[in-house]
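Please open the model in your viewer and keep the selection panel at hand. The stops below say what to select next and what is there.

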Amino acid sequence: MTSTPLHVVFSSSAAVSLRDGLAMVGREDEVIGLQDNLSQGPIDGDDLNARLDAIEDLLEIDIDEEDRAEIERFWRISLDNTRPRIVWLSRWSSAEYCGFLEWRRRNGDAPFQLVDVTDTALPDLSTPGIFYAVQCVSLVTDKRFAENALWDRAVTPDQRTLSKWLDLWDRLRRENAPLRVLTPDGLVSAQMDYFDADLLKHATTNWDFDRTLVGKVMGDMMFDTFRDGGGVFQCGDLVLFARVRALVQQGVLEGLGDPYEREFKVRLRA
């Protein structure tokens, strides 16, 4: 049994920043991050390859064998309860929230500590006395991890909360929708067209790059949401690019060029 703590996060970018932050203060804790975004795709089974195959079809992407192996490695290592584990999440990130809920299901009753940054505000580096709300673990920099020693906020979650989370995830798994999104009422199931209205809000009759349209929607998630004082990380750009292509196929948008290339442009159909 090793006494070296293992930090469990639900994105590869969070793993890099947290690992670097720990190193800044001389800690050699291990960090592992999940590369699989469980806010999208089927979640009703335990066959990883079947799930990832479905994600490939849903988002029109390729997930290679190396990435699949890394996801399997995450589950193997993160569920090892013979060592102290610190699990991180924000309930303002659908990916982190869903990743955690699946991890909690698989972990059963094995002990762990939790750093939930959902209600965390950190001091602004350039303006003393000003604090900003943390959106998700994935957006915390290595320096902020180190300067604020966020790992010291780890607590053992109470059984009532754990049971509540398990009930929520059981319901979402039964519904098994293509997406899971955050709303004022919490985390809910959604269909693939959930973000279409957000995309169309920024589309015009002038040609523009699809990446510009997607970037504007991602920007709204950062600043213009139902959450007071901060953003909500609803989805990655792959979902939005897939929906742009679907809207072109449906004739709602017009496309110019190859929809899978960087120079693809779209506009509202006149």
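Predicted model: local features only at pLDDT ≥ 70, side-chain atom pairs only at ≥ 80, totals over all residues.

With a relative accessible area of 42%, L139 is partly exposed.

## The open sheet

Next, show the strands β1 to β4 as a cartoon: they form an open sheet of 4 strands in the order β2-β1-β3-β4, and the pairing is parallel. At the edges are β2 (30-33) and β4 (113-116), each of which pairs on one side only. Neighbouring strands of this sheet are turned against each other by 20° on average, with direction ignored. As background, the strands of a sheet pair through backbone hydrogen bonds, either parallel or antiparallel.

Now select β1, residues 6-9, which pairs with β3, residues 85-89, in the parallel sense over 3 bridges, and which pairs with β2, also in the parallel sense, over 4 bridges. If you pick V8, its bridge partner in β3 is V87, whereas V9 stands opposite G33 in β2. Which way do the side chains of β1 point? L6 and V8 point one way and H7 and V9 the other way, and all of them are buried.

Select α1 (residues 12-24), which lies across β1, β2 and β3 and runs at about 170° to β2. Then select α3 (residues 65-78), which likewise lies across β1, β2 and β3 but runs at about 135° to β2.

Move on to F100, whose place is in helix α4, residues 94-107. Is F100 buried or exposed? F100 is buried, because its relative accessible area is 0%, and the cut-off for buried is under 20%. For a distance check, pick the C-alpha atoms of F100 and L48, which are 52 residues apart along the chain and are separated by 16 Å.

Select E56 in helix α2, residues 48-59. E56 counts as buried because its relative accessibility is 19%, while the limit for that class is under 20%. Leaving aside neighbours within four places in sequence, E56 is in contact with I61, D62, I63 and R68.

Then step to E60, which is found in the loop between α2 and α3 and is partly exposed, with a relative accessible area of 35%. Here it is worth checking the backbone: E60 has a positive phi of about 55° although it is not a glycine. Most residues other than glycine have a negative phi.

## A last stop at N176

Finally, select N176, which lies in the loop between α6 (159-175) and β7 (179-183). What is the phi of N176? N176 has a positive phi of about 50°, although it is not a glycine, and N176 is partly exposed, with a relative accessible area of 24%.

How values were computed: Residues numbered from 1 in each chain as written. Heavy atoms only, no water. Buried < 20%, exposed > 50% of the residue type's maximum accessible area, 1.4 Å probe, protein only. Pairing = 2+ DSSP bridges. Helix = DSSP H or I, 4+ residues; strand = E, 2+ residues; numbered from the N terminus. Axes fitted to C-alpha atoms, helices over the stretch in contact; angles between N-to-C directions. Contact = heavy atoms within 4.5 Å.
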